[in-house]
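Please open the model in your viewer and keep the sequence panel beside it. We will go from one selection to the next and see what each one holds.

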Amino acid sequence: MVASRKEGEIKDRHHVSRRGVLRLSVLVAGGSTVAVRAASTAVAADPPLRMFAPKPFPELKFLDAAGRHLSLASFHGKFVLLSIWATWYVPCQKEMATLDRLQAEIGGPHFQIIPVSIDTGGLVPVRDFYNRFKIKHLGIYLDPDGSALQTLNLQTIPAAFLIDPAGKAIGLKSGVAVWDSPRMVKFLTHVMSTKSPT
């Protein structure tokens, strides 16, 4: 399959660690740590993201569609869902439509999705993808040299990190998610309504 081969090439080129995605801690509630009091027992017992105590997030650099250099500091003060993806990988193709709908539903001054593409072709394939799949609510963000894979120690895409307004990582979803599902929307809305920056 082309997607698998290309993903393998990226892994080899960037020497992606086989130790797995970032070492993450288990959810800790109370005090200055993440307090995810889910709206229902089911969500509390099995949250759709792996949540953990706020931790510093690696410095990640990327570009916007105009070629301007950005980092997560550019979005300080709001919750960010950072997604690492590629246009050629079928699971990412399926997920992007749900991210677009989530941005339309809950995006605004307090929440923004930042989908960072690792396509080596830069802007052109991403812009074409947005047009083809009618992605209308997400901005274009680029990492054409794939440095995010090393910076975040990723071995697979898609991968998404939930970042709090202070710029600290508080959650991770590795693999495909249906981001606009009622359960996910309810969970993210609850997290944003109950958590303060640390």
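This is a predicted model: local features need pLDDT of at least 70, side-chain atom pairs count only at pLDDT 80 or more; totals for chains, interfaces and linings use all residues.

**Stop 1: the whole chain.** Start with everything shown as a cartoon. You will find six helices and eight strands, and reading along the sequence gives the pattern α-α-β-β-β-β-α-β-α-β-α-β-β-α. Of the 198 residues, 49% are buried. If you draw contacts with a separation of 6 or more, 75% of them join residues 24 or more positions apart.

**Stop 2: helix 3 and helix 6.** Select residues 90–106 for helix 3 and 182–194 for helix 6. How far apart are their axes, and at what angle do the two helices pack? The axes lie 12 Å apart, and the angle is about 45°. The pair is therefore oblique, and helix 3 makes a right-handed crossing with helix 6.

Next, show side chains where the two helices touch. From helix 3, pick Leu-102, Glu-105 and Ile-106; from helix 6, pick Val-185, Leu-188, Thr-189 and Met-192. Colour this contact by residue type and you get five nonpolar residues, one polar and one charged.

**Stop 3: Lys-134.** Move to the loop between helix 4 (123–132) and strand 6 (141–142), where Lys-134 sits. Check its backbone: phi is near 55°, a positive value in a residue that is not glycine. Is Lys-134 buried or exposed? Its relative accessible area is 58%, and the cut-off for exposed is over 50%, so Lys-134 is exposed.

**Stop 4: the loop between helix 5 and strand 7.** Go on to the loop that runs from helix 5 (147–151) to strand 7 (159–163). Select Asn-153, which lies in this loop. Asn-153 also has a positive phi, about 55°, without being a glycine. Here the relative accessibility is 17%, and buried means under 20%, so Asn-153 counts as buried.

Stay in this loop and select Pro-158, which is found here too. Look at the peptide bond that leads from Ile-157 to Pro-158: this bond is cis, and its omega is near -5°.

Technical notes: Residues are numbered from 1 along each chain as its sequence is written. Side-chain values use heavy atoms; hydrogens and water are left out. Axes are lines fitted to C-alpha atoms, for helices over the stretch in contact, and angles run from 0 to 180 degrees between N-to-C directions. Helices (H or I, at least four residues) and strands (E, at least two) are DSSP runs, numbered from the N terminus. Angles under 35 degrees count as roughly parallel, over 145 as roughly antiparallel, 65 to 115 as roughly perpendicular and the rest as oblique. A crossing is left-handed if the near helix is turned anticlockwise from the far one by less than a right angle, and right-handed if clockwise. Contact means heavy atoms within 4.5 Å. Ala, Val, Leu, Ile, Met, Phe, Trp, Tyr, Cys and Pro count as nonpolar, Asp, Glu, Lys and Arg as charged, and the others, Gly among them, as polar. Buried means under 20% relative accessible area, exposed over 50%, partly exposed in between (1.4 Å probe, protein chains only).
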